[in-house]
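Hi,

Here is the structure I promised to pass on.

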Amino acid sequence: MKISKKVLALIILVSGIIGFLVVLPVHYALEETSGEKFCVVCHEMDPMVIAYSNDVHSGKGKSGVRAKCVDCHIPHDNLAKYVLVKAKNGLMEGYVHFFKDPEAIDWHKNREKREHFVFDNGCVSCHTNLVDNKLTSAQAQKMHAHYQSLLNTDKQLTCASCHAEVGHSGLNNMLNYWKPEYKIYEKKAAIKKEEIKKAYFGEDYVA
């Protein structure tokens, strides 16, 4: 059966419109749920988001370059994996937020597994000249060369292995204000926590 040019053109046009109507809301949803403004909706993420606001990756560097949460915490191998992991994380975090006890999350323990939550392909997509960058210190060049030499070996490191608070400056202290590791500091930490939240949220602050 031979399809006329008009019918073929109509099929292409309709397919294009349908594709556009499907892709547009998906793209919008991905963008709207990719940054700290969305993440901070869940109060258990407050210390991470506030620590991010103090970090060079939030746009405070000389270049003004700003990384979104998904730039580091979602893999960038391919689009399918990106969307799959993002959807999975969203469902899991939403489930914990609404049906579990977010306060029971041990963020200090999670930080020990930080390599699992930070993806190197996100880092190197921006830091493309990691090894050859002569503007960094000799020690940094040495360590980055060491990192590269261990790729695809059983001793492979990740960026977060060494950069423990990457993207979240002062995160360990921030987490201790929210949930002190030692009870003796609970009262002081609670006061500091409220001060930090007031400074960050301003008029939108809710105790």
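Let me start with Thr 158, which touches Glu 115, Asp 120 and Tyr 147 once residues up to four places away in sequence are left out. Bear in mind that this is a predicted model. Thr 158 sits in the loop between helix 8 and helix 9. Buried or exposed? Thr 158 counts as buried, because its relative accessibility is 19% and the cut-off for buried is under 20%.

Next, the nonpolar cores. The largest one has 8 residues: Met 48, Ile 50, Ala 51, Leu 171, Met 174, Leu 175, Trp 178 and Ile 196. Helix 3 (46–53) and helix 10 (171–178) each give at least two residues to this core, and helix 10 has the largest share, with 4. Apart from this core there is another, made of 5 residues, including Cys 123, Tyr 147, Cys 159 and Ala 160. As for Leu 175, its contacts beyond four places in sequence are Pro 47, Met 48, Trp 107, His 108, Arg 111 and Pro 180.

Then there is the second largest pocket, with about 940 Å³ of space. Its lining counts 31 residues, and those nearest the centre are His 57, His 127, Leu 130, His 163 and Val 166. By type, the lining splits into 14 nonpolar, 13 polar and 4 charged residues. Which helices supply at least two residues each to this lining? They are helix 4 (69–73), helix 7 (120–126), helix 8 (138–149) and helix 9 (159–162).

Over to you!

Methods: Residues numbered from 1 in each chain as written. Predicted model: local features only at pLDDT ≥ 70, side-chain atom pairs only at ≥ 80, totals over all residues. Heavy atoms only, no water. 1 Å grid on protein atoms, 1.4 Å probe; cavity = no way out; pocket = protein on both sides within 12 Å on 5 of 7 lines; lining within 4 Å. Points joined across faces, edges and corners; volume = space filled by probe spheres on them. Nonpolar A, V, L, I, M, F, W, Y, C, P; charged D, E, K, R; others polar. Core = buried A, V, L, I, M, F, W, Y, C linked by side-chain atoms within 4.5 Å. Buried < 20%, exposed > 50% of the residue type's maximum accessible area, 1.4 Å probe, protein only. Contact = heavy atoms within 4.5 Å.
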